[in-house]
Amino acid sequence: MLILASQSPRRRELLSMLGLEFEIITADIDETMDPTVSVEEAVAEVCRKKAEAVGKSRPGDLILAADTIV
C-alpha cells in the first residue's frame, strides 16, 4: 500500500489524479531544519524523519514523504 506521509492537499490531489490508491498517515516529528547544512540536506532529513516515523507503524508499505521550502 502507498502511504502519503503528508497533509498537503496538493500532494493528495496529484496522487488522486494519477489514479493511485493511497492512505494518508502524518508523522508527528520535529520539522525544525538544521541551519548548519544546505537547504537540500535539511529538507531531505525532514523527509527521512517523516518516512521513518510513519514506516514504523506500516512495515512493508511504500511511504511517500515530502516537504516544501518557500
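Me: Happy to look at this with you. Where is S6 found?

Reply: S6 is found in the loop between strand 1 and helix 1 (9-17). Keep in mind that this is a predicted model.

Me: Why is S6 called buried?

Reply: Buried means under 20% relative accessible area. S6 has a relative accessible area of 5%, so S6 counts as buried.

Me: What makes a residue a contact of S6, and which residues does S6 touch?

Reply: Contact means heavy atoms within 4.5 Å. Leaving out residues up to four places away in sequence, S6 touches R11, I24, I25 and T26. For another view of S6, take A44, which is 38 residues apart from S6 along the chain: the two C-alpha atoms are separated by 14 Å.

Me: Now the strands. How do you know that strand 1 and strand 2 pair?

Reply: Two strands pair if DSSP finds at least two bridges between them. Three bridges join strand 1 (residues 2-4) to strand 2, so the two strands count as a pair. They run parallel, and within this pairing I3 stands opposite E23 of strand 2.

Me: In what order do the strands form the sheet?

Reply: The order is 2-1-3, in an open sheet of three strands with parallel pairing.

Me: Why is one side of strand 2 and of strand 3 left without a neighbour in the sheet?

Reply: Strand 2 (22-24) and strand 3 (62-64) stand at the edges. Each has a single partner strand, so one side of each has no neighbour in the sheet. On average, neighbouring strands of this sheet are turned by 30 degrees against each other, direction ignored.

Me: How many of the residues of the protein chain count as buried?

Reply: Of its 70 residues, 26% count as buried, and the cut-off is again under 20% relative accessible area. The protein chain exposes about 4900 Å², with carbon and sulfur atoms supplying 55% of that area.

Me: What makes up the charge on the protein chain?

Reply: There are 8 positive and 13 negative side chains. Lys and Arg count as positive, Asp and Glu as negative. The centres of the two sets lie 3 Å apart.

Me: And what does the C-alpha trace span along its principal axes?

Reply: The C-alpha trace of the protein chain spans about 40 × 25 × 15 Å.

How values were computed
Residues numbered from 1 in each chain as written. Predicted model: local features only at pLDDT ≥ 70, side-chain atom pairs only at ≥ 80, totals over all residues. Heavy atoms only, no water. Buried < 20%, exposed > 50% of the residue type's maximum accessible area, 1.4 Å probe, protein only. Areas by Shrake-Rupley, 256 points an atom, 1.4 Å probe, with all protein chains shown as cover. Charge placed at Lys NZ, Arg CZ, Asp CG, Glu CD. Helix = DSSP H or I, 4+ residues; strand = E, 2+ residues; numbered from the N terminus. Axes fitted to C-alpha atoms, helices over the stretch in contact; angles between N-to-C directions.
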